[in-house]
Amino acid sequence: MPEANVETLETDVLIVGGGACGMMSSIILSDAGIDHILVEARPTTTALPKAHYLNPRTMEIFRQHNVAQSVYEKAMPLSRCTVRFMTSLGGEGPLDGKELFVLDAFGGNSRRVASQRISQCLATNIPQIRLEPLLRNHADARAPGRIRFNHEVIEFSQDGDGVDATIRDVAKAATYRVRAKYMIAADGGKTIGPAFGVTHQTTGQLAMLCTIHITADLSRWMPGDAQLTWFVHPESPYRWGVLIPLGPTWGRHSEEWAFNFAYNDPSDRLKDEEIIPAIRECLRLPELEIEVHRGSEWGAECSVADRFRFDRIFLGGDAAHRVIPTSGLGLNSAVHDAHNLSWKLAAVVKGQAGASLLDTYEAERQAAARRNYDWSLFTFRNHAVTQVGLGFIAGGSTEQNRAAIAEFLSDTPIGRMLRARAIEVAGTQRMEFGQPEIELGITYNSDAVVPDGTPVPEVDPMGDIHIPVTRPGHRVPHSWIEHAGHRISTHDLTGASEAFVLITGSEGLPWIEAARKVATSMGISMRVARIGLGGEHTFDYVDASGQWDAFKGIDEDGSVLVRPDGYVAFRSKSMVVAPEQVLTDVLSTVLGRDDDAVEIVRAA
Ligand SMILES: Cc1cc2nc3c(=O)[nH]c(=O)nc-3n(C[C@H](O)[C@H](O)[C@H](O)COP(=O)(O)OP(=O)(O)OC[C@H]3O[C@@H](n4cnc5c(N)ncnc54)[C@H](O)[C@@H]3O)c2cc1C
């Protein structure tokens with residue numbers, strides 16, 4: 001039990017952990033006007049580069065909360081992004097310094113037009129050492145004095161009305177208590193979940209990986225900009241090595257890099273004095289000047305907690321699920337958890353929603369986590385296919401692989417055939433490098449969504465193509481529209497608030513009037529947008545390009561109700577007899593204010 005006579009701070013939400021999940025939870029709760037305290041055990045943001053790829057959905061969330069611009073300013077532009085497979089950067093041997101395969105990736109180059117059609121935000125690349133300070137600044141500015149680094153939760157308990165936590169202020173060597181209505185455990189899985197004995201579905205450790213943060217000038221040898229450069233050499237003792245630019249300058253002139261190794265065998269584990277020689281050997285640059293900042297060794301595994309909610313306590317980010325970094329879904333999904341949970345907590349704390357809305361967090365995000373688990377495991381395993389596609393012989397000896405790669409690189413008909421085959425076979429690894437359907441196509445099926453009876457659309461099994469739809473449970477399609485002389489995205493209609501958005505067509509005035517009345521009577525925030533194609537009629541929102549028209553999936557007198565997190569809560573293809581009653585029923589259901597099923601009567 002906590003000691004008596006210590007200071008107790010009261011707040012609505014206590015956030016444990018100042019990584020991406022905790023920090024975004026803070027930013028979103030601040031934007032919704034919810035009082036909270038964030039405690040982070042470390043004195044500073046992370047010293048490890050770790051995650052670096054931010055997918056378009058994450059950047060959309062950052063844009064919604066006015067964080068995106070500051071991230072793009074410091075991040076690596078991915079408009080010309082590639083992933084490159086090489087034998088090494090330098091070296092004199094016949095197989096050294098050879099490029100095996102280059103793939104457009106992460107929405108760059110040939111993927112750019114398609115990416116820009118479906119999202120207002122391009123993916124970007126920024127390591128956690130540079131991202132977390134930005135997020136911390138944003139969180140601090142919105143909640144001064146409430147973002148507490150060097151403060152650690154050492155004990156906690158909950159009752160029917162709230163959570164009690166004892167916090168140690170490490171610098172002052174003092175403790176205090178926080179009494180909160182809810183707690184978000186964004187602690188990376190270190191404290192809160194284990195205290196509940198949370199169990200995980202897990203792959204177990206599939207590989208040992210090692211990340212070394214270095215400073216080195218590689219500009220003379222890097223053949224071009226690449227977000228990832230993979231080194232696979234038949235003579236290397238490592239399964240592979242991957243070089244990732246960390247900036248602050250981007251491309252081949254990056255000053256800092258993360259070098260990742262995967263061991264073939266735990267006995268290959270590097271001692272400190274072996275790190276620099278190992279990097280030099282992998283790159284075949286024996287004289288390269290390298291300054292090592294930090295190294296970390298970690299096991300690659302996927303896991304999903306069997307529960308994300310323990311009454312008033314919610315697990316988010318790595319505390320709830322972990323993935324192998326292939327596909328970059330770890331930090332990204334930590335942000336998506338924060339986005340999904342925070343508006344629900346805000347609505348419940350403000351008395352706009354019933355507590356059952358909070359159950360939908362686990363229902364929605366656990367399913368998303370399982371999908372991410374499967375996809376990252378699959379893309380990890382597909383590296384075996386990539387290796388074969390590049391000419392390596394599965395289970396082959398060094399000698400056999402040396403001969404195979406020599407043949408792959410040869411200026412012979414068989415060499416040309418093998419390189420052409422690599423485009424198809426190794427090309428399947430594109431599934432790791434930014435697949436639109438995986439990143440934007442997560443759908444929710446829970447009580448916070450009112451189904452409209454339409455079947456689940458077919459999706460591209462390879463994840464290459466994402467077709468935006470307004471079907472309930474899907475992310476509302478992004479379309480550029482014009483409003484008050486500005487070009488905005490349909491996603492901008494929500495703004496950084498916790499508002500719902502009702503979108504209707506040119507003949508949807510009854511929906512607009514109904515939505516305004518319902519918002520007032522239910523005491524919730526609602527924005528409305530009647531989007532028309534323009535022409536001789538004037539609308540507040542004009543779909544000049546016809547992009548929204550292509551995605552909207554409703555008639556001109558239909559409507560789409562969008563949740564504060566940009567997901568479609570309800571859709572009516574056309575007008576109904578009593579739109580006010582329908583919206584009241586829908587919002588009561590979505591917000592957990594009413595257990596009655598929604599029954600909709602269409603207008604004749
Ligand atoms: C080498 C590597 C590469 C990766 N690459 C990618 C990638 O490219 N893309 C991607 O999406 N993901 C990647 N990931 C995963 C990504 O780093 C994590 O998924 C992400 O950091 C999870 O964020 P989080 O906020 O949930 O947890 P964390 O970042 O782990 O933050 C949890 C925080 O909680 C704090 N904490 C713990 N206990 C307490 C306590 N009792 N009191 C107060 N504070 C506490 C910790 O100090 C920590 O700062 C990578 C991971 C690694 C290791």
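**View 1. Helices α8 and α9 side by side.** Here α8 and helix α9 (residues 359–381) pack at an angle of about 170°, and their axes are 10 Å apart. (Axes are lines fitted to C-alpha atoms, for helices over the stretch in contact, with angles from 0 to 180 degrees between N-to-C directions; helices, H or I with at least four residues, and strands, E with at least two, are DSSP runs numbered from the N terminus.) That angle makes α8 roughly antiparallel to α9, a label for angles over 145 degrees, while under 35 is roughly parallel, 65 to 115 roughly perpendicular and the rest oblique. On the α8 side, the contact (heavy atoms within 4.5 Å) is made by S333, H336, D337, N340, L341 and K344. From α9 come T360, Y361, E364, R365 and N372. Sorted by class, this contact has 2 nonpolar, 5 polar and 4 charged residues. (Ala, Val, Leu, Ile, Met, Phe, Trp, Tyr, Cys and Pro count as nonpolar, Asp, Glu, Lys and Arg as charged, and the others, Gly among them, as polar.)

A word on the model: it is predicted, with local features needing pLDDT of at least 70 and side-chain atom pairs pLDDT 80 or more, while totals for chains, interfaces and linings use all residues. Residues are numbered from 1 along each chain as its sequence is written, and side-chain values use heavy atoms, leaving out hydrogens and water.

**View 2. Helices α11 and α12 crossing.** The axes of helix α11 (residues 398–409) and helix α12 (residues 413–425) come within 6 Å and cross at roughly 95°. The two are therefore roughly perpendicular to each other. E407, F408 and L409 of α11 meet I414, G415, L418, R419 and A422 of α12. This contact has 5 nonpolar, 1 polar and 2 charged residues.

**View 3. The shell around the ligand.** A total of 32 residues surround the ligand (a heavy atom within 4 Å), and the closest are E40, R42, Q128, D318 and L331. Split by class, the shell has 14 nonpolar, 12 polar and 6 charged residues. Its largest share, 4 residues, comes from α8.

**View 4. Backbone atoms by the ligand's oxygens.** A backbone N or O atom of A20 lies 3.2 Å from an oxygen atom of the ligand, and one of C21 lies 3.0 Å from a ligand oxygen. A polar backbone atom of G330 is also 3.0 Å from an oxygen atom of the ligand. Taken alone, the ligand exposes 1,000 Å², and the protein buries 91% of that (Shrake-Rupley method, 1.4 Å probe).

How values were computed
A polar contact is a pair of N or O atoms within 3.5 Å; within protein, one must be able to donate a hydrogen and the other to accept it, and residues adjacent in sequence count only if both atoms are side-chain atoms.
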